[in-house]
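Student: I would like to go through this structure in short questions. Please put it on the screen first.

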Amino acid sequence: MCGIVGYIGDENAYKVLIGGLHRLEYRGYDSAGVALVSPEGHLNVYKARGKVSNLENFCKDKNTDGLVGIAHTRWATHGEPSDCNAHPHFSEDGNIALVHNGTIENYKILKDALMEHGCKFHSETDTEVLVQLIEYIRINNKCSLVDAVREALRQVVGAYAIAVIEKNNPDTIIAARQSSPLVIGIGDNDFFLASDATPFVEFTDNVVYVEDGQIAVIKRGEPLKLLDLDNRESTVDVKKLQISISQLEKGGYPHFMLKEIFEQPETLRDCIRGRVVDNGRRVILNGVLDNKERFLKAKRIVLVACGTSWHASLLGKYLLQDMCKIPVTVEYASEFRYSNPVLDENDIVIAVSQSGETADTLAAIKIARSMGAFVYGISNVVGSSIPRETHSGTYIHVGPEIGVASTKAFTGQVMVLTLLAICIGHLKGLLSDHEVERLGHHILQIPDYVKRTLELNESIERLSLIYTYARNFLYLGRGYSYPVALEGALKLKEISYIHAEGYPAAEMKHGPIALIDSEMPSVIIAPKDHLYDKIVNNVQQVKARGGNIIAIVSDGDETISGIADHVLKVPDMPECLTPIITSIPLQLLSYHIAINKGKDVDMPRNLAKSVTVE
Ligand code: M6R
C-alpha cells in the first residue's frame, strides 16, 4: 500500500504532486508528505499526519516552488502514523529525499550496520534505512546517484517502488520497482511517476509500466532510460493509457462508493460487452478459447484471492462446479502461499484481484507458475502486475474503483466468473446450446435488473435508520447466497465498524443461534432457488428466538415476506445469477448505515484499497 508520486518538468511540481496524492489517497491515508527542490537549490520536505488535506494546510505558508519533486501518502506498516514516520525520508546530510511503497525485510540488519558507521535515524520506518544507505554509498563510493541507488537496492530484500531526488541534482529523479507497482507517464516536456496512472491522466496517456528489478533514470530533456540491477539497459515500451478523467471524479455523488454502486448497470454492461453475443446464444472469453486444451484437460481449479475478491471466488467455485463438473478449491492467497500447495500442470489456478497488485495474490501466482499450473487472472486494473504475471486472463472492465469498499468490482468479478463457467461448461459439452442461450439471455438483462434493484435505495435508506446503532449483525444465506452473506457482512464491517458475521444459514444452529435476540438483526438472503424451502426453516428459527429479520427475496415471494420484519424484493432470475442482484441491497444498506454514523465511507479507518504488503 502507500502511494508514491513524482514530477519533473516545466510546471509547479507541488500542484501536480498534491493532485496526484489525492488520487492515490485510496492506497493509504495515515500521513502525507512532499519533497521539492526549490529554484534556490534547497530541498524542502513537508509532512503531516493524516490525510492529504492536512498536508495542504500545513504547506499553506511554506515555500512550495520547484519544478521537481516527489510525494507520498502512507498506510503505516513500520512505525505508527506520525509526522516523523511520514515520507519523504531524507538522508542525514539533507541532500537526498526518498519515497517508498513496500517493505524492506532486512532493514534491521542494514540499520544496525549503518548505525555502527555512525549513521543516526530519526524515524521507526524501514524506509529510512534505504535513504541513509544510498547516502552512505554515494559518499563512500563517490558515485552518481543512480549508481548509489542501484548498489543500495542490490543489498535490499523486500518489496519496493521508490522515487529519489537530490538537492544538487534538480534535473533527475531515480525510481525503481520490485514487487510494488510503478508507472511512468511521459508528457511533452515532463515526466510523471506514480503507483498507478491516475495522478497523471489529465497530463498524458503515454505510459511505461516499470518491471520488477528495473531502475528508471528520469532526466529533464532526455529520453527515459531503464536499467536493471546489473546496469544493463532495456527497451522502453510505451503503452497507451485507457482511463479518462471523468472516471476519477464523483460525478455529482457525495461519495465514490455511492457512485460506484449506482454505476453497476453500466459497468456490468461494459463487462458483458463482446462476451455475450448473438442475442445471448454465445459466450466468448478469448482468454479461455485461446487456451482451450488447458481448460479441457484441467483436473482441478484452484481460486486464489483476498477479501471481497475471495468472496467472488467462492461464488466462482459454485459456478464452476455446477457448470463444468471440475473440483474447485478456494484459497486465501495469504494462506495458500505458506501451505505447501501441491499443484501440477493439470491444475488451473485462477487469481482474482480488483487492483491486480495484492501482494499475497501475486505471491500465490508465482508459486503456482513455478509448479507448472496454468494461471489465469481476473483483474480490473489494466496493466497491473497480476495480468502481467499470469498466462492468460480476463479484465472485468468496470472502470477505476476508488471507494475502498469494493462494490462494482465484486459484481464485475462475479460476472466474469459466471461467463468463465458457462464458456468452459459449453466447451466441455456439459452445457447445451439451449442452456447457454437461456443463461445468455438473462445475462444480457442483468444491467436492467440491477437498475431496478437500485430503486430500493430510498427504502433501504429509511430501513438503515432503524439499525444504525445495532452492535452486531448476522448475515445468512445458503448455496449461491452464502458468499453473498459473507460479502454483505464484510461491507458493513469495513465502513460502519459494526461487527457482522456472514454464515451459511444452516450452520447457524451449530453455534451462532445462541447470539440471537432482539438486539441482533439478521440479514437473510433468500431469493427463489432450490434451497428456498430450506432457508424458510432458518428464518423461522431466528424469528422464534425474537430476532429481527431483514430479508432479501425474489419478486412474488410470499412465505418469507410473511415472516420477516423487513423485506427487500429483487427481480427473479436463474439461481446462478442471483448473487449479482442480491448483493446490491447489501451494498446500499452498509453505505447508509455508515453515513448515518458519520463515517468516512470512501476511506474507512485502517484500510487501503491496494494491499501491496504481506
Ligand atoms: O485488489 P484486490 O481485489 O486483490 O483486493 C483484495 C482485498 O484487499 C479487497 O477486496 C478488500 O477486502 C476490500 N476492501 C473489500 O471491500
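Tutor: What follows is a set of questions and answers on strands, a ligand site and some single residues.

Tutor: This is a predicted model, in which local features need pLDDT of at least 70 and side-chain atom pairs count only at pLDDT 80 or more, while totals for chains, interfaces and linings use all residues. Residues are numbered from 1 along each chain as its sequence is written, and side-chain values use heavy atoms, with hydrogens and water left out.

Student: In the open sheet of seven strands, what is the strand order, and which are the edge strands?

Tutor: Strands (E, at least two residues) and helices (H or I, at least four) are DSSP runs numbered from the N terminus, and two strands pair if DSSP finds at least two bridges between them. The pairing in this open sheet is antiparallel, in the order E5-E6-E7-E8-E12-E13-E14. Those that pair on one side only are the edge strands, E5 (89-90) and E14 (233-234).

Student: Which helix packs on the sheet?

Tutor: Contact here means heavy atoms within 4.5 Å. The helix touches E6 (96-104), E7, E8, E12 (214-219) and E13 (225-228). Axes are lines fitted to C-alpha atoms, for helices over the stretch in contact, with angles from 0 to 180 degrees between N-to-C directions; the helix direction makes about 160 degrees with that of E7, and the helix is H5 (residues 145-155).

Student: Is E7 mostly covered or mostly open, and how many of its residues are buried?

Tutor: Buried means under 20% relative accessible area, exposed over 50%, and partly exposed in between (1.4 Å probe, protein chains only). E7 is mostly covered, and of its nine residues the number buried is eight.

Student: Which residues of E20 are buried on each side?

Tutor: In a regular strand the side chains alternate between the two faces of the sheet. E20 (residues 347-353) has seven of its seven residues buried. One side holds Asp347, Val349, Ala351 and Ser353, and the other holds Ile348, Ile350 and Val352.

Student: In which sense does E20 pair with E18 and E21?

Tutor: Strands of a sheet pair through backbone hydrogen bonds, either parallel or antiparallel. Five bridges join E18 (residues 300-305) to E20, with Ile301 partnered by Ile348. Towards E21 (residues 374-379) there are six bridges, and Ser353 has Ser379 as its partner. Both pairings are parallel.

Student: How much of the ligand's accessible area does the protein cover?

Tutor: Oxygen atoms of the ligand lie 3.0 Å from a backbone N or O atom of Thr308, 2.8 Å from a backbone N or O atom of Ser406 and 3.0 Å from a polar side-chain atom of Lys491. Accessible areas come from the Shrake-Rupley method with a 1.4 Å probe, and for residues only the protein chains shown count as cover. On its own the ligand has 410 Å² of accessible area, and the protein covers 91%.

Student: Why does Val183 count as buried?

Tutor: Val183 lies in E9 (residues 183-186). Beyond four places in sequence, Val183 touches residues including Phe192, Leu193, Phe200 and Tyr209. The C-alpha atoms of Val183 and Leu193, 10 residues apart along the chain, are separated by 5.6 Å. Val183 is buried because its relative accessible area is 4%.

Student: With which side chain does that of Thr411 make a polar contact?

Tutor: A polar contact is a pair of N or O atoms within 3.5 Å; within protein, one must be able to donate a hydrogen and the other to accept it, and residues adjacent in sequence count only if both atoms are side-chain atoms. Thr411 lies in H14 (residues 408-427) and counts as buried at 1% relative accessibility. At 2.8 Å, the partner side chain is that of Gln264.
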